[in-house]
Amino acid sequence: MNKLISFFFLRGRRSLKTNERLLQWRSLSQLTHQFPTSESPEVSQTLASVQSVFSNPSFALLGFCRNIDSVKKIHALLVFYGLNDDLLCMYKLVSLYGSFGCVRYARAVFDQMPSPDFSSWKGMLRWYFLNDLYPEVLGFHNRMRMFVSEHDNVVFSIVLKGCTELRDVDEGRKLHCQIEKAGSPDNFVLTGLVDMYAKCGWIDCSRKVFDGILERNVVSWTTMIAGYVQNDCAKEGLVLFNRMREGFVEGNKFTVGSLITACAKLGALHQGKWFHGIVTKSGYQLNSVLGTALLDMYVKCGDIRDARSVFYELPSIDLVSWTAMIVGFCQTGYPDEALKLFTGKKFVGFLPNSFTAASLLSSCAQLGNLNLGRRIHCLGVKLGLEDSTVRNALVDMYAKCGMIGYARYVFETVLEKNVIAWNSIISGYLQNRCAYEALHMFHRMRLESFSPDAFTLVSVLSACAFLGALRVGSSLHACSIKEGLLTNNVFVGTALLSFYAKCGDARCARIVFDGMKEKNGTTWSAMIGGYGMQGDSHESFTLFTEMLKEDVEPSEAIFTAILSACRHTGMVGEGWNYFNSMCLHYKFVPLMQHYACMVDLLARAGRLEEALEFIEKMPVQPDVSLFGAFLHGCELHSRFDLGEVAIKKMLELDIDDACYFVLISNLYASDGRWSQVNQVRELMKQRELIKSPGHSLVEMDIRNDISPLRVSCFG
């Protein structure tokens, strides 16, 4: 390159001065053989341009530049020899600087042009666009309008793209007016308008522009469909696809990708599989975008098996698809599979991003895997993954693993806390049975001017129910009404009625229940169980009948609630009826809590032989809770002979809960067998088991803060 520069500038410059006429004559002689003698104006202009190129060695030299350094060297020489004012060279320099990404230098050269024409303005605008400098695109275009009046569809398309990327609908609307004023926009410009309005959230305006396109092609249809999907109008996107098919327009892989995303948002598994069939039939390669869309659709529709199949069929797995599969496993109840995918040797080269790390931490939280959670925490620190999503997941992971102190430490390191961060620490305290601390954090959250959301209220109401804090819970009731969360959120309503029921106020619980517009199975279960806790089995049975009349299918939780109501009031016949209905009519396989309710019901009623026979005929191995309920009945009715049978079975199960040893000790004490009582107490000491003392909570309005006064009665 240095030799070439020397040749052109040391010899070429001298040749140009001394042999200028000869060069011009040779150039013209060559052109004579290429163009007709009778020249039109266009041909004359072309001849003049080509002649200028041939007679300009500086321009030819710029054509040899292959990197930015060579451009800078030649530019410097042009300035040194006073050749930098040549318009052709200046245009070439703008082009070279732009192509190498040095747009600032390109603009500096452009600003030196004495009177740039429309092509020069358009070229500079293009380099801003190609280097993704969208704010500069809009600014330069506004300046361009001050000096030139010409516009074409290429300029309109470039500026529209800038408006789209910046989500600047105001500039986009101004440009739309210019396009209408200029007239005759092509399909590319109109499709750009559709895309701009859609990505700015103006989906109605987008549809109006789309309807005005006379000759729609696959790009126009796909842009409009994608716009609907991006604006949460997935159903309209599918309807538009049907219109597209009626117009005999064949879609492409981008069309199918948007439609698969629409199916994911609607949970439409059948339609999603149909589009998967189109992908296979059309021979579209499962690239990262299309493969991840399919994978996400199957995950959100709950079909994790097909999601896994798509994942392993991908020709090349990248970070996006790997993360999508981990998120899918985590969200569908397969946290162990998510961790296996992370630790697998096949994917050892992938480094997690924030979404990956948050899902992995959530998987560790679900499994209680503290060791792996800590290692992911360390990896996140090394990789700089310290955004709010990861920190909130860390708080949740440490809390669910019982390390509430670590969770609080991570929470305090979050500089810009949001509602999700507060929810994480409040629910973390609640999960660790630190209800007072949960209320304290809620109080602090309110002092820092954060408004609670539905998740916050559910957690805090659960803490109030745990503490029996009726006054604080009633205040939260008012807060839920003020924030508009009670009538519109089934989870808040359910938590509120459950709170009132656990505090013994069945009347307020029923008022909340009747005022809810939407009820789910948990809502019915909470109200039925609330009546049962108050010993009002008649209302529980009536409510269960009302539920069936409203065509609500009973769940396992609802049967647990109704059986609990039966055992609280000793309704043995009704208990058997509901248990048999659950097994025979609704085809539920009883869970251990259902068996425990029946054993407790029979044992409390004194039907101990029937209870023991029920245990022996169970199709599954009974756990210690069943024998504990049976043993309690033996103590109530002084059936020490059957109690011995239960004790023997319990000791075979290697119990590790102090309360069951206390039950055994109390049975022996009732029979006056003090030596066995001492043996049981000694066994508890050997196993280092200590029964938590019973206590009662009494709320007294003697303080201004939220802490209840605890009055404990130890037994």
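**Group meeting: one arginine and some helix packing**

Okay, let's start with Arg 391, which is found in helix α24, residues 388-400. Keep in mind as we go that this is a predicted model.

So, is Arg 391 buried or exposed? It comes out buried, because its relative accessible area is 17% and the cut-off for buried is under 20%. And what does the side chain of Arg 391 reach? That would be the backbone oxygen of Glu 386, at 3.1 Å. If you leave aside the neighbours within four places in sequence, Arg 391 is in contact with Glu 386 again, plus Val 410, Thr 413 and Val 414.

Next up, a helix pair. Take α16, residues 253-266, and α18, residues 288-300: they pack with their axes 8 Å apart, at an angle of about 20°. That makes the two roughly parallel, since anything under 35 degrees counts that way. The crossing of α16 and α18 is left-handed.

Who makes the contact? On the α16 side you've got Lys 253, Gly 257, Ile 260, Thr 261, Cys 263 and Ala 264. Over on α18 it's Leu 290, Ala 293, Leu 294, Asp 296, Met 297 and Lys 300.

Last stop, helix α21, residues 335-343.

Terms used
Residues are numbered from 1 along each chain as its sequence is written. This is a predicted model: local features need pLDDT of at least 70, side-chain atom pairs count only at pLDDT 80 or more; totals for chains, interfaces and linings use all residues. Side-chain values use heavy atoms; hydrogens and water are left out. Axes are lines fitted to C-alpha atoms, for helices over the stretch in contact, and angles run from 0 to 180 degrees between N-to-C directions. Helices (H or I, at least four residues) and strands (E, at least two) are DSSP runs, numbered from the N terminus. Angles under 35 degrees count as roughly parallel, over 145 as roughly antiparallel, 65 to 115 as roughly perpendicular and the rest as oblique. A crossing is left-handed if the near helix is turned anticlockwise from the far one by less than a right angle, and right-handed if clockwise. Contact means heavy atoms within 4.5 Å. Buried means under 20% relative accessible area, exposed over 50%, partly exposed in between (1.4 Å probe, protein chains only). A polar contact is a pair of N or O atoms within 3.5 Å; within protein, one must be able to donate a hydrogen and the other to accept it, and residues adjacent in sequence count only if both atoms are side-chain atoms.
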